[in-house]
Amino acid sequence: MTKNDTPKLESKVVDAATIDRKKTKGQWEMDVRAASVGPDVVDIRKFYGQSKMFTYDPGFTSTASCTSAITYIDGGKGELLYRGYPIEQLAEKSDYMETCYLLLYGDLPNKESKQAFISEINSHTMLHEQLSTFYRGFMRSAHPMAIMVGVVGALSAFYHDSTDINDPAQRQLAAHRMIAKMPTIAAYAYRYSLGLPFPQPQNDLSYSENLMQMMFSVPTEDYEINPVIAKAIDRFLILHADHEQNASTSTVRLAGSSGANPFACISSGITSLWGPAHGGANEAVLKMLDEIGDKKNIGKYVDKAKDKSDNFRLMGFGHRVYKNFDPRAQVMRDSAHEILESLGVNDPRMELAMELEQIALKDPYFIEKNLYPNVDFYSGIILSAIGLPTNMFTAMFAIGRTVGWLSHWKEMLVDPDQKIGRPRQLYVGETRRDYTAVNKRGGRKDGASWSRFWSNKR
Ligand code: CMC
């Protein structure tokens with residue numbers, strides 16, 4: 001690979017796997033394709049054509065939905081690599097801008113390319129003035145993620161010159177625009193909730209400093225950047241920049257597979273991220289810690305999390321892929337200690353979180369199910385110490401993840417194997433039946449009482 005060339009999506013057939021159907025004695029041979037690291041895959045693309053059966057995998061627990069060369073996770077080892085680089089090294093030595101470059105363009109930039117990339121991003125940080133007035137249509141009490149979904153989707157109504165996905169120059173422009181504008185969009189959502197004026201981005205500041213300035217400055221005073229906070233935000237963004245085929249990234253890929261414009265695709269990623277099982281967990285963790293309130297209540301909440309009749313889960317615990325530890329959580333915990341200490345903040349929730357972690361890690365339920373703290377467990381404590389309200393936490397995650405979404409969107413568009421995403425299903429509903437006139441129908445006697453249908457029972 002030459003520098004700055006996006007890696008090619010090539011995989012070799014290295015073996016074959018046979019699928020047998022017992023009753024009919026059908027037998028189908030499928031190619032096995034090799035991964036550069038991690039599990040190989042059984043290529044089942046011809047399976048339906050040959051067997052007239054689908055494969056069944058709700059939640060994609062065993063299914064690779066695409067070929068990718070961006071991010072690798074080894075859940076057993078607790079390893080996360082962006083383009084081959086360990087997350088711990090990037091969090092310690094890199095910065096968010098070069099991490100964006102790495103994810104998008106496949107390699108770390110040299111000095112000149114880094115500077116050129118920063119200048120390019122800086123040239124797109126402002127929002128169209130009319131887009132700023134768009135905010136006024138929202139309630140002041142609107143959740144910032146609701147505003148993010150709306151405003152990012154609305155970018156497609158403002159930047160027509162970068163919506164043609166078949167034009168490489170437009171794809172690049174849209175991607176750079178979104179990376180550049182995301183802090184401005186999120187900061188304005190926050191300012192809007194407070195009724196504060198919208199400040200302009202300042203291009204002499206770094207990405208994270210600029211985000212802080214746009215969120216916290218007031219027009220009546222000079223704003224002094226605290227380098228400790230800027231570093232913590234930068235590290236937060238690096239840790240959230242990508243995580244291979246998670247729910248929001250897969251949503252972006254699925255939306256993009258129909259040829260939807262890039263702004264609409266990223267907006268759909270934001271909607272998926274918002275859920276508490278995904279990026280919304282950072283907000284949910286702090287709400288949970290507030291609800292627990294005191295160490296003496298921890299046992300009660302751990303019991304609730306283990307009780308299957310209760311919908312409550314320990315937020316910030318568990319992960320589909322990590323079954324040993326989440327390397328991002330370890331960096332985040334150290335970062336939380338660092339920031340509390342250097343800001344002199346005494347947040348009792350930190351102690352509560354540490355105690356909860358210890359109790360859960362010793363509990364047979366959590367041990368047996370390999371449930372460990374994930375990236376969201378400590379991140380809220382950092383964001384809260386910085387002065388952000390809880391409802392801004394997932395918006396911060398969205399800022400960091402935008403580059404990951406865009407890298408996958410671009411990778412998908414140029415993948416020769418790319419097809420519109422269209423899962424199949426195992427149909428278990430009614431078989432064909434004939435229409436009957438309304439006065440001849442028996443059946444439901446529940447009139448307008450539809451609530452049973454919406455209950456949690458199946
Ligand atoms: N508390 C209590 N029980 C749990 C938890 C939890 N946090 N997470 C999983 N379990 C149990 C679950 O009930 C199930 O038990 P059983 O096998 O008896 O039915 C078992 O562990 C496996 O759970 P699952 O839901 O099948 O696992 P999954 O891989 O589908 O879900 C998860 C992963 C992250 C959605 C889940 O662990 C969870 O809901 N965690 C809490 C929310 C959270 O912290 N999300 C942030 C994820 S990391 C940030 C990101 O990248 O989005």
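1. Surface patch. Tyr56, Leu426 and Val428 make up a nonpolar surface patch, with about 400 Å² of accessible area together. Patch members have over 30% relative accessible area and no salt bridge, and nonpolar side chains (Val, Leu, Ile, Met, Phe, Trp, Tyr) are joined within 5 Å. Areas are Shrake-Rupley values with a 1.4 Å probe.

2. Basis. This is a predicted model: local features need pLDDT of at least 70, side-chain atom pairs count only at pLDDT 80 or more, and totals for chains, interfaces and linings use all residues. Residues are numbered from 1 along each chain as its sequence is written, and side-chain values use heavy atoms, with hydrogens and water left out.

3. Valine 428. This residue sits in the loop between α18 (393-413) and α19 (451-454). Valine 428 counts as exposed, because its relative accessibility is 73% (exposed is over 50%, buried under 20%, partly exposed in between; 1.4 Å probe, protein chains only).

4. Cysteines. There are 0 disulfides (cysteine sulfur pairs within 2.5 Å). For cysteine 66, the nearest cysteine sulfur is that of cysteine 265, 14 Å away. Cysteine 66 is partly exposed at 23% relative accessibility. Cysteine 265 is buried, at 0%.

5. Strands β1 (residues 13-20) and β2 (residues 27-33) run antiparallel, joined by 7 bridges. Pairing takes at least two DSSP bridges; helices (H or I, at least four residues) and strands (E, at least two) are DSSP runs, numbered from the N terminus. Alanine 16 has aspartate 31 as its bridge partner in β2. The hairpin has 6 residues between β1 and β2, and lysine 25 in the turn shows a positive phi of about 60 degrees.

Conventions: Patch = residues over 30% accessible without salt bridge, like charges linked within 9 Å, V, L, I, M, F, W, Y side chains within 5 Å. Salt bridge = Lys/Arg side-chain N within 4 Å of Asp/Glu carboxyl O.
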